[in-house]
Amino acid sequence: MSDTVLTVENISVKYRLPEQKVDDLKDYLIKMFKRQLRYKEFLALHEVSFSLEKGDRLAILGMNGAGKSTLLKVIAGVLKASEGTVTKKGTIVPLLELGAGFDMQYTGSENIYLYGAMLGYSKKFLDEKYDEIVEFAELGEFINVPVKNYSSGMKARLGFSIATVVEPDILILDEVLSVGDAKFRKKCEKKIMDMFDKGITVLFVSHSEAQVKNICTKAILLEHGKLTASGTVAEVLQVYKKLTE
Amino acid sequence: MKNLVLTFKKYHFLLYQLVKKDIQLKYRNSYLGVLWTLLEPLLTMMVLVLVFSKLYHNTKDFPVYILTGRLLYSFFSATTRSALKSVRANAGMIKKVYVPKYMYPCAGVLSGYIQFLISLIVLAVVAAVCGIYPTWHLLEAVFPLVIVFIMTMGAGLWLSTLAVFFRDLEYLWGVALMLLMYACAIFYKVETVIGENNRWLFRLNPLYAVIENFRDAVYGNAMNVPVMLYSLGFSIVLLVSGIVVFYKNQDKFILHL
């Protein structure tokens with residue numbers, strides 16, 4: 001198979017942040033008159049390129065602050081890169097902080113539609129999949145209770161069920177395989193594994209070597225925003241280990 | 001442009017959901033529910049009538065006069081306030097999932113507008129009680145009603161963008177709104193304050209211009225076309241510039257949220 005689903009070309013992300021935090025008009029005007037508005041440029045990502053084919057499962061390794069999350073945000077389309085392009089085919093589902101988009105006042109079932117709409121699903125699709133989502137989340141009659149009364153595990157379960165009800169072409173996993181109790185985690189892992197079998201492309205961020213070895217077929221290593229190694233999981237893990245020692 | 005239409009097609013359900021959420025949650029857990037949309041303006045009108053009719057205007061139409069001004073003003077003030085907060089209130093989502101960001105201020109303005117249209121029922125009832133009956137001039141109310149929507153949307157886009165960068169804007173806008181309220185002649189008549197000859201001063205305030213057009217339509221007077229054109233022109237400029245400012249800055253939002 002040589003279906004390229006994701007191409008990342010020369011992505012750079014530059015933040016231009018004021019040296020001191022200015023976030024109100026008063027400060028801004030005072031500093032402007034005193035000519036104290038200095039900016040610092042901060043390069044979060046520097047010319048990162050790679051491409052993935054259908055079925056590739058890529059591990060993104062790196063220390064804290066190396067730019068892993070920034071890279072994921074750029075790929076998810078939330079953050080716009082200062083330079084470079086991302087070309088993607090098909091739907092991307094980010095599994096980041098499950099349940100972040102819920103409205104606490106809304107009940108579980110109302111949130112299914114709200115969160116689903118945010119992920120870009122249509123009403124018809126959600127109507128069809130409603131039962132499946134509720135069943136997978138194992139919420140029972142809690143589905144009609146406001147989400148503010150949910151436990152964090154319940155929220156994560158609902159978030160996971162909604163996000164994975166589509167079959168995405170590209171799945172972004174940011175250390176989320178640790179939700180809910182052991183039973184639910186197994187269920188999630190199974191669902192993700194099923195998706196793998198169908199040949200979806202995965203971007204995976206984790207610090208756990210075991211998980212990376214288990215899941216991924218390829219890896220890249222980021223250091224201070226630069227891509228310093230890429231290749232098979234074993235190769236990159238070796239470099240990464242040296243770095244951590 | 002084609003892209004814009006495509007994303008809107010994909011996300012129109014989200015817009016519907018956000019509007020529905022705004023309206024549903026506002027009245028959830030209250031016994032009277034959506035009835036509050038009608039009761040709230042009625043009650044504040046009664047307070048204003050009680051206070052101000054004793055002071056200077058004891059005319060029979062005074063409740064209608066107040067209500068026409070107040071409904072338009074409170075739509076503008078409540079909706080711009082919620083639009084101002086809309087991007088920041090949804091920061092959590094904006095950082096995680098890609099959604100066209102204009103959805104948030106737009107949903108706020110739309111839900112405010114729907115509630116405003118519902119609250120016009122109160123005006124119809126009060127007008128009938130006060131003996132003001134519709135004439136064909138009432139049809140001209142369409143102009144101020146559309147213009148106020150354009151104006152609010154434009155202001156909402158401006159404010160939601162600026163509020164991301166300047167957090168104190170919320171308080172400044174609160175003060176500005178208070179000033180605007182007094183400049184809208186809601187509970188007094190312009191001629192008694194600065195005289196008929198100086199009415200143009202008030203008309204410089206586009207929201208007052210809208211209110212005047214609306215009052216004329218309700219009272220059955222002919223529309224003052226130059227005033228209408230002025231507020232329309234102002235609103236279109238505000239909306240277009242608001243769209244430009246929002247689009248130019250939306251990629252930077254995430255860095256400041």
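## The largest pocket

β5 (92-95) of chain A and α1 (2-27) of chain B each put at least two residues into the lining of the largest pocket. Helices here are DSSP runs of H or I with at least four residues, strands are E runs of at least two, and both are numbered from the N terminus. A pocket is an open set of points on a 1 Å grid over the protein atoms alone, where a 1.4 Å probe fits and protein lies on both sides within 12 Å along at least five of seven lines; lining residues have an atom within 4 Å of a point. This is a predicted model, where local features need pLDDT of at least 70 and side-chain atom pairs count only at pLDDT 80 or more, while totals for chains, interfaces and linings use all residues. Residues are numbered from 1 along each chain as its sequence is written, and chains are lettered from A in the order in which they are written.

How many residues line the largest pocket? There are 29, and Gly77(A), Thr7(B), Tyr11(B), Tyr98(B) and Pro100(B) sit nearest the centre. Sorted by class, the lining has 17 nonpolar, 7 polar and 5 charged residues. The space inside comes to about 920 Å³.

## Between two domains

Chain A is assigned domain 1 (4-91 + 168-244) and domain 2 (101-166), with bounds from an automatic or database domain assignment. Their C-alpha centres are 26 Å apart. Where they touch, 9 residues of domain 1 of chain A are in contact (heavy atoms within 4.5 Å) with 8 residues of domain 2 of chain A.

Why does the largest pocket lie between these domains? Both of them give residues to its lining, so that's where it ends up.

## The second largest pocket

The second largest pocket has a volume of about 770 Å³. Closest to its centre are Arg16(A), Phe165(B), Lys252(B), Leu255(B) and His256(B), out of 29 lining residues. β1(A) gives the largest share of this lining, 6 residues. By class, the second largest pocket's lining splits into 16 nonpolar, 4 polar and 9 charged residues.

## Two crossing helices

Now for a helix pair in chain A: the axes of α4 (residues 123-137) and α5 (residues 152-163) come within 8 Å and cross at roughly 145°. These axes are lines fitted to C-alpha atoms over the stretch in contact, with angles running from 0 to 180 degrees between N-to-C directions. On the α4(A) side, the contact is made by Ile133(A), Phe136(A) and Ala137(A). α5(A) brings Arg157(A), Leu158(A), Phe160(A), Ser161(A) and Ile162(A).

Notes: Heavy atoms only, no water. Points joined across faces, edges and corners; volume = space filled by probe spheres on them. Nonpolar A, V, L, I, M, F, W, Y, C, P; charged D, E, K, R; others polar.
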